[in-house]
Amino acid sequence: MDAEVFVGRACELLAIPSTSERPADLRRALDYVLDFVGPGFTVERFESGGKPSALIYPGTERRDFHVILNAHLDVVPAPPDQFRPRRDGDRLFARGAQDMKVTGLLAAQVFRELAASLPYPVALQLVTDEEVGGRDGTRHQLDHGVRGRFVIVGETSGLHIVNESKGMLVVRLLATGRAAHAAYQWLGDNALVKLQRTVASLKNAYENKAPLTFSTDADYYVVGKTRGEVCLEFLKTWKDAGIPNADILRAMTINGYRVSETEKTRGPIKTGFFADMIAVPGNPLDDVDALKNVQFVMKDGQVFKKDGVMTPAAFFHGGPVNGWRIR
Ligand SMILES: [Zn+2]
């Protein structure tokens with residue numbers, strides 16, 4: 001498809017204010033992309049909690065999909081002018097231009113061009129509730145038996161391939177109290193006060209000895225910063241939470257190895273372990289921000305940075321990298 005035509009269609013999709021509280025617009029956005037995909041495919045429609053979604057595939061019945069392209073067509077709320085797409089040079093501005101209606105439309109384009117001719121079963125999964133948790137979209141389809149061996153989510157990732165993301169904790173709190181007359185308050189029992197206490201203790205996972213690992217969702221590209229620098233910005237939240245430096249360092253190293261079950265090959269500097277290490281001039285036990293000044297990097301025994309200078313030229317940029325011997 002001609003790029004101009006594609007951008008024109010993308011602008012039409014972006015103009016639909018498909019936010020979670022507007023079910024009719026969620027449906028419009030979904031129908032728009034289904035119409036874009038065109039005829040010749042099976043379309044299974046789902047709905048849960050007022051959130052429509054669809055699964056599209058060649059043939060007449062669901063198969064053991066080797067690849068599923070997943071996209072969400074909902075966006076977070078924005079002022080009306082953000083739903084009037086604007087082009088400035090080769091850039092396109094609108095709510096959802098990045099996250100992720102345009103990539104959703106692109107997935108639809110790839111699907112309609114290739115799905116019928118690929119030698120293995122593929123599907124396109126379109127959902128409309130990702131920004132509010134995903135339970136009524138992808139999760140709902142999972143609950144209804146939709147499975148894929150490999151799923152590509154076209155989410156914003158600054159062109160990095162991201163294979164994991166930090167988790168989310170959803171906590172439902174219920175407190176009961178007893179109403180009382182204003183003149184006899186001591187006869188009552190204030191549920192709000194109880195809730196405040198619980199929320200405060202939840203916020204302080206550290207004091208509650210919850211196992212902590214350092215992880216970020218820093219899969220985006222910030223102009224002028226390397227990905228490592230972006231990740232280390234998250235140190236601030238750990239410092240704000242009053243977590244001691246030694247425990248932050250444990251969360252970044254041994255706790256992470258335990259969670260990912262790699263503690264038998266990573267951590268100590270000793271024979272048989274991966275020769276991955278960094279060196280900084282200061283002592284992060286005294287000032288954890290010393291980690292922001294990495295002067296030396298060794299990975300798999302090979303030096304990637306020495307005296308503050310990156311050694312292989314290919315890694316000397318802050319943009320997308322392809323990783324080093326990914327395992
Ligand atoms: Zn998104």
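The model is predicted: local features need pLDDT of at least 70, side-chain atom pairs count only at pLDDT 80 or more, and totals for chains, interfaces and linings use all residues. Residues are numbered from 1 along each chain as its sequence is written. Helices (H or I, at least four residues) and strands (E, at least two) are DSSP runs, numbered from the N terminus.

**The sheet**

- An open sheet holds 5 strands in the order β1-β2-β6-β3-β7, with mixed pairing. Two strands pair if DSSP finds at least two bridges between them.
- At the edges are β1 (42-48) and β7 (148-153), each pairing on one side only.
- From one strand to the next, the twist averages 20°.
- Strands β3 and β6 run parallel and are joined by 6 bridges. N70 has Q125 in β6 as its bridge partner.

**Helices**

- α2 lies across β1, β2 and β6, at about 10° to β2. Axes are lines fitted to C-alpha atoms, for helices over the stretch in contact, and angles run from 0 to 180 degrees between N-to-C directions.
- α3 lies across β2, β3 and β6, at about 150° to β3.
- Of the 13 residues of α5, the number buried is 0, so α5 lies largely in the open. A residue is buried if 20 or more other C-beta atoms lie within 10 Å of its own, exposed if 12 or fewer, and partly exposed in between; C-beta atoms are placed from the backbone.

**Nonpolar cores**

- A nonpolar core is a set of buried Ala, Val, Leu, Ile, Met, Phe, Trp, Tyr and Cys residues joined through C-beta atoms within 7 Å.
- The largest core has 32 residues; V33, I56, F111, A123, L124 and L126 touch the most other members.
- Elements giving two or more residues to this core include α1 (3-14), α2 (23-37) and β2 (51-57).
- Another core, of 6 residues, lies apart from it, with L232, L235, I243 and V288 among them.

- Most residues other than glycine have a negative phi, and most peptide bonds are trans.
- D99 and M100 are joined by a cis peptide bond, with omega about -20°. M100 sits in the loop between β5 (91-93) and α3.
- K209 is not a glycine, yet its phi is positive, near 60°. K209 is exposed, with 7 other C-beta atoms within 10 Å.
- E261, also not a glycine, has a positive phi of about 55°. E261 counts as exposed, with 8 C-beta neighbours inside 10 Å.

Technical notes:
Two residues are in contact if their C-beta atoms, placed from the backbone, lie within 7 Å.
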